[in-house]
Amino acid sequence: MSRVSWDEYFIEVMYTVAKRATCDRGRSGCVIVRDKQIVSTGYVGSPPGLDHCDEVGHLMREVINSDGKISQHCVRTIHAEQNAICQAAKHGVSLDGATLYCKMEPCRVCAMMIISVGIKRVVALRMYHAAQESREMFEQAGVELVVLEQKTENYTNQ
């Protein structure tokens, strides 16, 4: 038996975290690691005290992506990456120099937050259909982006 790599290990943990997600469109999770130790986790869900998609349905909005394509986006929830960053902030945990593990490449807003808190490496399981701007920002900011599977994540009502 061979041991899984650290990236494979933390992606597996991300899957477990994602099981807490409350929006069935992505069921995403996020794990933030520094020095091979988990420092924060997050999953797709509404802010504390607010209704969840699984309880009351989605709150959909049309979004025009940078390539001009229109897609549907649920705005009831906070992305897994945002939740993990917020949890770290809530508990006073620095993310400077950390690695973030997620289901798909981060969106533009998540990418800006990742850069702002000093995360230096992002490992995504799959590609995201609207991640070109995120890729460009990561490159410009010196954040390493690793995508393990070169296929785009698909989800309901995309």
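The following legends describe close-up views of a predicted model.

Local features are given where pLDDT is at least 70, side-chain atom pairs count only at pLDDT 80 or more, and totals for chains, interfaces and linings use all residues. Residues are numbered from 1 along each chain as its sequence is written, and side-chain values use heavy atoms, with hydrogens and water left out.

**View 1. The five-stranded open sheet.** The strands of this open sheet follow the order S2-S1-S5-S6-S7, with mixed pairing. Strands (E, at least two residues) and helices (H or I, at least four) are DSSP runs, numbered from the N terminus, and two strands pair if DSSP finds at least two bridges between them. S2 and strand S7 (144-147) form the edges, each pairing on one side only. On average, neighbouring strands of the sheet are turned by 20° against each other, direction ignored. Axes are lines fitted to C-alpha atoms, for helices over the stretch in contact, and angles run from 0 to 180 degrees between N-to-C directions.

**View 2. Strand S5 between S1 and S6.** S1 and S5 run antiparallel and are joined by four bridges; here valine 33 stands opposite threonine 99 in S5. S5 and S6, by contrast, run parallel and are joined by five bridges. The bridge partner of methionine 104 is arginine 126 in S6. Six of the six residues of strand S6 (residues 121-126) are buried, so this strand is largely enclosed by the rest of the structure. Buried means under 20% relative accessible area, exposed over 50%, and partly exposed in between (1.4 Å probe, protein chains only).

**View 3. Helix H3 on the sheet.** H3 lies across S1, S2 and S5, running at about 125° to S2. Its buried residues are Ala80, Glu81, Gln82, Asn83, Ala84, Ile85 and Ala88. The cover over these residues includes strand S1 (29-34), strand S2 (37-43), strand S5 (99-104) and H4, where contact means heavy atoms within 4.5 Å. Glycine 92, with a positive phi near 70°, follows H3.

**View 4. The packing of H3 with H4.** The axes of helix H3 (residues 80-90) and helix H4 (residues 108-116) come within 9 Å and cross at roughly 30°. That makes H3 roughly parallel to H4; angles under 35 degrees count as roughly parallel, over 145 as roughly antiparallel, 65 to 115 as roughly perpendicular and the rest as oblique. H3 passes H4 in a left-handed crossing, meaning that the near helix is turned anticlockwise from the far one by less than a right angle, whereas clockwise would be right-handed. From H3, Glu81, Gln82 and Ile85 meet Val109, Cys110, Met113 and Ile114 of H4.

**View 5. The packing of H4 with H5.** Between H4 and helix H5 (residues 132-141), the axes come within 9 Å and cross at roughly 15°. H4 is therefore roughly parallel to H5, and the crossing is right-handed. On the H4 side the contact is made by Arg108, Ala111, Met112, Ile114 and Ile115, and on the H5 side by Glu133, Ser134, Met137, Phe138 and Ala141.

**View 6. The surroundings of arginine 61.** Arginine 61 is placed in strand S3 (residues 60-64) and is partly exposed, with a relative accessible area of 44%. Not counting residues up to four places away in sequence, arginine 61 touches Ser71, Gln72, His73 and Val75. Alanine 141 is 80 residues from arginine 61 in sequence and 30 Å away in space, C-alpha to C-alpha.
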